[in-house]
Structures are given as structure tokens and as C-alpha cells.
Amino acid sequence: MYITAATLSVLLTLITISAGVPKVRLKGASIDTLQSHMGLSPGAVRLIGLAEIAAAAGLVVGLFWQPLGIAAATGFAVLTVGAAVFHGRAGDFANPDTRANAIAPIVFCLLSVAAAVTLTLAM
């Protein structure tokens, strides 16, 4: 079970790093979308990016101390639920052009829950 937990944690770490770093730096096409389409301020975008990077750090440390990994995966799941709600309010699920961006947080949430569950079972 630990190998599955570690694999999910590493995969989720790569996802959170690749999503968080551009937000902290405020660079990239998705940043413009978050600010113009979603109405988020630059400070809010940076805060989300920092939360994603903190989740990545927690997942890495969680490979050696599972309670922190469980907390990081759970926190990232909560963050992605919030992202899905924002996408829903913006009407992204109904728009074929933005649907993929709206579905991604749901997939990441499921991955986060799977990581938290497997880390719990690996204890």
C-alpha cells in the first residue's frame, strides 16, 4: 500500500508544483484567465499558488511522516473543491471552450482523496 501512496503523492506533488509556481510568479496564460475571467486579484492568485506549493512540500515530507502527507492531500482536496465552485460560478462547465479547465480541479480532488486514503492505509 505504501508504494501506491508514494506514487500518488509524487504525482500530486508534480501537479501542485506545476500549478503553484506560475501563480506565485504571476506568469502564464492561466494567470490572465484567473484574473480576468474569474475576477481574482493578483494577491489571491499568489495565495492560491502558495497554498499549492505548501501542499507539494507537505506531500513530500508526508512520504516520511504520513500525518503531514494526509493533511496536505486533504488540504489540496479542499482547495480544488473551491476551484471547482469558482469554475461553476463562472459558467465554465457549460462552455465547451472552458470545460477542460473546469474539470481539472475535480480530477485533482479525486487524486488528492486517493492519496490521503492510501497514506492513511499505509500507516
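Ala73 touches Leu12, Leu59, Ser112, Ala115 and Ala116, leaving out residues up to four places away in sequence, where contact means heavy atoms within 4.5 Å. The model is a predicted one, in which local features need pLDDT of at least 70 and side-chain atom pairs count only at pLDDT 80 or more, while totals for chains, interfaces and linings use all residues. Residues are numbered from 1 along each chain as its sequence is written, and side-chain values use heavy atoms, with hydrogens and water left out.

Ala73 also belongs to the largest nonpolar core, whose eleven residues are Leu8, Leu12, Ile15, Ala55, Leu59, Ala72, Ala73, Phe76, Leu111, Ala115 and Ala116. A nonpolar core is a set of buried Ala, Val, Leu, Ile, Met, Phe, Trp, Tyr and Cys residues joined through side-chain atoms within 4.5 Å; buried means under 20% relative accessible area, exposed means over 50%, and partly exposed lies in between, with a 1.4 Å probe and protein chains only. At least two residues of this core come from each of α1, α3, α4 and α5. A second, separate core has five residues, among them Leu34, Met38, Leu40 and Val45. In soluble globular proteins, nonpolar side chains tend to be buried together.

With a relative accessibility of 0%, Ser112 counts as buried, and its contacts, leaving aside neighbours within four places in sequence, are with Leu12, Ala73, Phe76 and Ala77.

Ala56, in helix α3, is likewise buried, at a relative accessible area of 2%. Not counting residues up to four places away in sequence, Ala56 touches Thr13, Thr16 and Ile17. The C-alpha atoms of Ala56 and Leu14 are separated by 7.5 Å, although these two residues stand 42 residues apart along the chain.

## The chain as a whole

The secondary structure of the protein chain comes to five helices and zero strands, and the pattern read along the sequence is α-α-α-α-α. The radius of gyration is 15 Å, close to the 14 Å that the globule rule gives for 123 residues, so the chain is as compact as a globular protein of that length. This radius is taken over C-alpha atoms, and the globule rule is 2.2 Å times the number of residues to the power 0.38. Helices (H or I, at least four residues) and strands (E, at least two) are DSSP runs, numbered from the N terminus.

Taken along the principal axes, the C-alpha atoms fill a box of roughly 45 × 30 × 15 Å. Of the 123 residues of the protein chain, 36% count as buried. Among the contacts in the chain with a separation of 6 or more, 65% are accounted for by residues 24 or more positions apart.

## The largest pocket

The largest pocket has a volume of about 620 Å³. On a 1 Å grid over the protein atoms alone, a pocket is an open set of points where a 1.4 Å probe fits, with protein on both sides within 12 Å along at least five of seven lines, and lining residues have an atom within 4 Å of a point. Grid points are joined across faces, edges and corners, and a volume is the space filled by probe spheres set on the points.

The lining of this pocket consists of 25 residues, of which Lys23, Leu34, Ala83, His87 and Pro105 lie nearest its centre. At least two lining residues are supplied by each of α1 (2-25), α2 (29-36), α3 (42-62), α4 (66-89) and α5 (99-122), and the largest share, seven residues, comes from α4. The lining divides into 13 nonpolar, nine polar and three charged residues, where Ala, Val, Leu, Ile, Met, Phe, Trp, Tyr, Cys and Pro count as nonpolar, Asp, Glu, Lys and Arg as charged, and the others, Gly among them, as polar.

## Residues with greater accessibility

Met123 is found in the segment after α5 and is exposed, with a relative accessible area of 60%. Met123 touches Gln66, Pro67 and Ile70, not counting residues up to four places away in sequence; between Met123 and Gln66 the C-alpha to C-alpha distance is 6.7 Å, across 57 residues of sequence.

Leu26, in the loop between α1 and α2, counts as partly exposed at 26% relative accessibility, and its phi is near 55°, a positive value in a residue other than glycine. Gly43, in helix α3, is partly exposed as well, with a relative accessible area of 46%. The C-alpha atoms of Gly43 and Lys23 are separated by 9.7 Å, and the two residues are 20 residues apart along the chain.
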